[in-house]
Structure formats: structure tokens, C-alpha cells
Amino acid sequence: MNQLGKIIQAEVLRIEEESRGKEIPCRPLFHIMPPAGWLNDPNGLCWFQGKYHVFFQYSPFDVNGGLKIWGHMTGEDLINWEYQGAPLLADTPYDCHGVYSGSAWTEDGIMHLFYTGNVKFEDKEYDYINNGRGSCVLHVSSRDGIHFSEKKVVLTNQDYPEDYTCHVRDPKVWKEDGKYRMILGGRRKDGKGAVLFYQSEDLEHWELEKELTTEKPFGYMWECPDLFSVNGQKILSVSPQGLEPQEYCYQNVYQSGYFLVEKEDGRELQQFREWDYGFDFYAPQTFEDNRGRRILIGWMGMPDSTEEYQNPTVAQGWQHVLTLPREITVREKKVYQYPVEELKEQRKDRAEIKGGEVYSFEGNYFEVEAEAARGDLKICLDEDLHLEYEENTREIRLIFTGAGGCGRTIRKTRLEEFHSVRLTADASCVEIYLNQGEMVFSTRYYPQTEKRSLKLEGIWKSADFYKLSR
Ligand code: FRU
């Protein structure tokens with residue numbers, strides 16, 4: 001490690017040591033949170049040498065997001081995580097203003113990480129869109145998943161097409177037909193978001209293969225791209241910026257969603273579906289685990305929110321979590337996301353909830369699973385968080401009416417039919433899965449009371465409540 005790296009590492013260790021003693025009331029049990037300060041995108045997700053590895057965008061220095069480095073968690077079961085430190089620091093001329101997002105590729109006992117090194121030039125006046133920013137792709141490797149090699153620059157801004165701004169980032173790497181492929185998100189000079197494909201024989205030398213975008217502009221920038229197949233269906237996931245909010249979609253400041261890809265030739269990117277309709281979800285990444293499952297993890301947060309909804313955990317010195325790991329399945333061209341089955345092992349004490357009656361309980365870790373009959377439906381948590389379904393209009397709404405939303409108000413979309421719901425509450429992290437994961441709402445929610453209550457209105461076939469614990 002170089003001198004700058006040693007200085008940054010000492011600072012990280014000092015901050016983490018300081019926050020280790022702090023009491024964190026209502027700490028999430030199953031959602032990955034930062035040891036100190038700020039967390040954003042999941043990075044480098046993989047299964048390697050018997051463990052799951054989750055890296056994440058991490059800024060221990062500033063609870064509201066500052067210089068980004070990579071934090072690292074490992075776990076054997078997607079439920080219990082152990083912090084392994086911050087292996088990638090902003091310590092070279094190619095990543096000195098941020099070790100930005102990237103991915104992992106594992107092969108022959110080696111873990112390869114690829115990421116974007118962010119550099120902000122400060123010697124002149126720049127607009128930082130078309131100029132003034134370096135976005136190299138860097139590569140490191142490791143035999144034990146803990147200690148990493150020297151950083152190597154494998155792509156620089158000169159390697160990107162001329163009609164691109166300097167916003168090209170977030171490499172995702174995989175192998176296909178004997179070749180390595182990399183996808184990068186980008187902002188073209190004509191104001192169109194797109195992805196770039198590179199290919200390589202040796203993971204070091206990369207050549208531009210092609211570009212993929214929509215016919216009509218769909219946002220000005222696509223962040224955090226991912227391309228993968230489930231059940232033979234190719235899926236392109238991107239996080240576009242610059243979409244106009246509509247009555248039933250694009251209600252957050254930035255979006256994350258996917259296109260089903262029939263052929264990779266551009267004209268096939270037609271229908272975009274959002275991964276999640278809640279207030280707090282962005283920049284997801286997927287990986288395939290040792291059991292062949294395609295697992296998605298997102299950032300349960302939102303950058304640059306104009307509504308300024310808040311997370312009171314800032315007062316405790318930390319902010320944001322990652323979502324639960326979700327298994328992706330595809331049935332009849334429909335994409336489903338559902339918490340990995342391991343979570344069910346954490347359930348205790350089943351209780352039945354009767355429709356129309358208030359169910360009172362204490363505790364901040366629980367799940368509700370309910371099957372609907374028909375008609376209008378409502379679930380109220382603490383008379384603050386409301387999930388409402390109107391059969392006539394097919395409108396589904398997530399609404400906060402009390403202080404628990406901390407500035408979050410309403411999100412709504414349309415759902416053809418409401419069959420079932422699973423609501424998972426892990427302290428302030430709430431994920432609501434409809435119809436076995438056909439639609440998801442993720443949100444932070446800060447209950448204002450220790451005496452909790454649940455009420456299901458409408459006609460339900462069954463409703464069960466489970467405590468969750470470690
Ligand atoms: C998405 C993102 C990425 C970038 C990273 C920086 O949230 O903006 O495009 O690599 O965050 O933290």
C-alpha cells in the first residue's frame with residue numbers, strides 16, 4: 001500500500017473504532033449497513049471460496065456522502081454478514097476522487113474486481129459533463145478475497161467513443177462464449193443514456209464491441225448497467241437519470257429498471273419496467289451464486305432527492321442500507337424478485353391476523369404474509385404506513401400519513417391483480433413484495449411508537465404474522 005493509502009486507511013480505522021462503541025437503537029439485523037458514515041451502491045457481488053462477498057460504496061468520512069471507497073462484507077448464508085474492512089481506497093492518480101462502482105468476476109481461484117476510478121480535474125473551469133473528469137476502469141485481483149493486487153488501469157477516457165461525455169462508468173464483467181465481456185453505463189454528448197460493450201481475451205486488454213441504447217432518448221445517463229440471463233431470458237438492468245415523472249411511474253428522482261432483451265441490436269429495448277416502486281431503491285447489481293441462483297441486491301437509498309426525505313439515522317452517525325438479497329426468477333416473460341429463501345429460517349412465533357381487527361405487538365423485526373380474496377384492500381402499519389389497493393382503478397399506493405416517513409409522502413402505480421403480499425420489516429427497512437415478487441415497494445420507515453399495530457382491511461383469505469430474529 002502506498003503512503004496515501006496508509007493515511008486513508010488510518011483515518012478509516014480511526015472513524016470505525018470511534019463508532020464501534022456507539023449504541024445504535026433499532027439496528028437492522030438482516031440489511032447491510034455501513035460500519036460508520038455513508039453507504040451507497042452494492043459492488044463486486046460474488047460467491048467465492050465458500051462465501052458470499054458484498055462490497056459497497058462507502059464513505060465513513062461523511063454521513064452525507066463524501067469520498068467513496070469500497071467497504072467489504074462476507075457471509076456464508078446471505079443473512080449473517082461480517083465486516084472485512086475497506087480494501088479499495090482512493091489512493092492513486094486514477095481514483096483519487098472516488099473508488100466508484102464496479103463488479104467481480106471469479107475464475108480459477110481468483111477474484112477479479114473491476115471498478116471506475118473517479119478523478120475531478122481542478123486546474124481549469126470545467127463543466128464536469130463533457131470535460132474535467134477522468135473515469136478509468138481499474139482492475140485488481142485476489143487469491144483470498146481479502147488481499148488485493150496492485151491496481152491496473154485497463155480503460156481510460158480515450159478508449160470511449162468520441163460522442164460520449166466523460167460520464168462513462170460502473171463496469172460489470174462476465175464471460176460468454178469463451179470471451180470476457182464488460183458493460184459500462186454512459187452519457188452521450190447528444191444527451192442520451194446508453195451502455196457500451198467491451199470484450200477481452202485476457203481481462204487486461206479490452207476492445208469496444210458495440211453500443212446499446214433505445215431508439216428514442218430514455219434519460220440522459222444510464223448508471224450501473226448489468227446484463228444477465230434467467231431461464232433463457234436476457235435482461236438488461238440500468239439506472240437511468242433524467243426521466244420525467246409520470247402518474248404511475250418514475251416517481252423518484254432517478255430510476256432503476258430493466259429491459260427484456262430479445263436481440264442485442266438496440267431496437268429491441270422497448271419496454272422498461274422499474275425494479276421497485278418504493279421511495280428507497282437504486283443502483284442494483286446481480287450475481288449468480290454457487291446454487292445457480294440469480295441474486296439481486298440494491299441500494300436502499302436515493303441520491304440527490306429533491307423531496308428531501310430524510311433518514312434520522314444520520315444523528316447516529318450512519319446512513320443507508322442495502323436491500324435484502326432477492327432471488328430473480330422469470331415466468332412467462334414476467335420477472336419476479338423474492339427474498340432468498342434463507343430469510344424464512346429466521347421466522348419465529350406465527351400468529352394469525354384477523355381481517356378488520358387491530359393486531360397489536362411490540363418489536364421491530366417481523367414479517368406479514370397475506371393472501372387476498374378480492375375487492376379493495378388496505379394494510380395499515382401503526383396508522384402511519386398504508387398500502388392501499390383500489391380494484392376499480394387497479395391503483396396501488398404506498399402512503400405515509402404520520403411522521404414515520406420522515407418526508408416520504410406517496411408512491412403509486414398500477415397492479416392488474418392483487419393476489420398476495422409479503423411485508424418484511426427489519427427495523428427501519430421495509431420491503432413489500434406483491435404477488436410473490438411481481439412488484440416490490442422498498443422504503444425506509446421510522447416508527448414513532450414502541451406499541452406497534454397492524455390492520456388489514458378488505459377481504460383476505462389468510463394473514464400470518466411472524467417475528468424475525470437471529
Ligand atoms: C450510482 C453511482 C454510480 C457511481 C457511484 C458513486 O449511485 O452514481 O454511477 O459509480 O454511485 O458512488
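Modeller: Two residues of this predicted model are said to be in contact when heavy atoms of the two lie within 4.5 Å.

Biologist: Which residues does Arg347 touch, not counting residues up to four places away in sequence?

Modeller: With those residues left out, Arg347 touches Glu367, Glu369, Arg422, Tyr466, Lys467 and Leu468. Arg347 itself has its place in strand S23, residues 347-352.

Biologist: Why is Arg347 called buried?

Modeller: The term buried applies under 20% relative accessible area, and Arg347 is at 15% relative accessibility, so Arg347 counts as buried.

Biologist: What makes Gln346 a buried residue, and where is Gln346 found?

Modeller: Gln346 is found in the loop between strand S22 (334-339) and S23. Its relative accessible area is 12%, which is set against the limit of under 20%, and therefore Gln346 is buried. Leaving aside neighbours within four places in sequence, Gln346 is in contact with Phe30, Ile79, Lys467, Leu468, Ser469 and Arg470.

Biologist: How do you know that the end-to-end distance of helix H1 agrees with its number of residues?

Modeller: The expected span is 1.5 Å times one less than the number of residues; for the 18 residues of H1 (residues 3-20) this gives 26 Å, and because the end C-alpha atoms are 26 Å apart, the two values agree.

Biologist: Which residues of H1 are buried, and why are they said to be on the same side of H1?

Modeller: The buried residues in H1 are Gly5, Ile8, Val12, Ile15, Glu16 and Ser19. They cover an arc of only 100° around the axis, which is why they are placed on the same side of H1. Gln3, Ile7 and Glu18, on the other side of H1, are exposed. The cover over the buried residues of H1 includes strand S2 (51-59), strand S3 (69-75) and strand S4 (82-83).

Biologist: Why is Cys26 called partly exposed, whereas Asp177 is called exposed?

Modeller: Exposed means over 50% and buried under 20%; Cys26, at 34% relative accessibility, falls in between and therefore counts as partly exposed, whereas Asp177, at 76%, counts as exposed. Cys26 lies in the loop between H1 and S1, and its phi is near 60°, a positive value in a residue other than glycine. Asp177 is found in the loop between S9 and strand S10 (179-188), and the phi of Asp177, near 50°, is likewise positive in a residue other than glycine.

Biologist: Which residues surround the ligand?

Modeller: The ligand is surrounded by Asn40, Asp41, Gln57, Lys68, Tyr100, Ser101, Arg169, Asp170, Glu223 and Tyr282.

How values were computed. Residues are numbered from 1 along each chain as its sequence is written. This is a predicted model: local features need pLDDT of at least 70, side-chain atom pairs count only at pLDDT 80 or more; totals for chains, interfaces and linings use all residues. Side-chain values use heavy atoms; hydrogens and water are left out. Helices (H or I, at least four residues) and strands (E, at least two) are DSSP runs, numbered from the N terminus. Buried means under 20% relative accessible area, exposed over 50%, partly exposed in between (1.4 Å probe, protein chains only). The arc is that of the directions from the helix axis to the C-beta atoms. A residue is near a molecule or strand if one of its heavy atoms lies within 4 Å of it.
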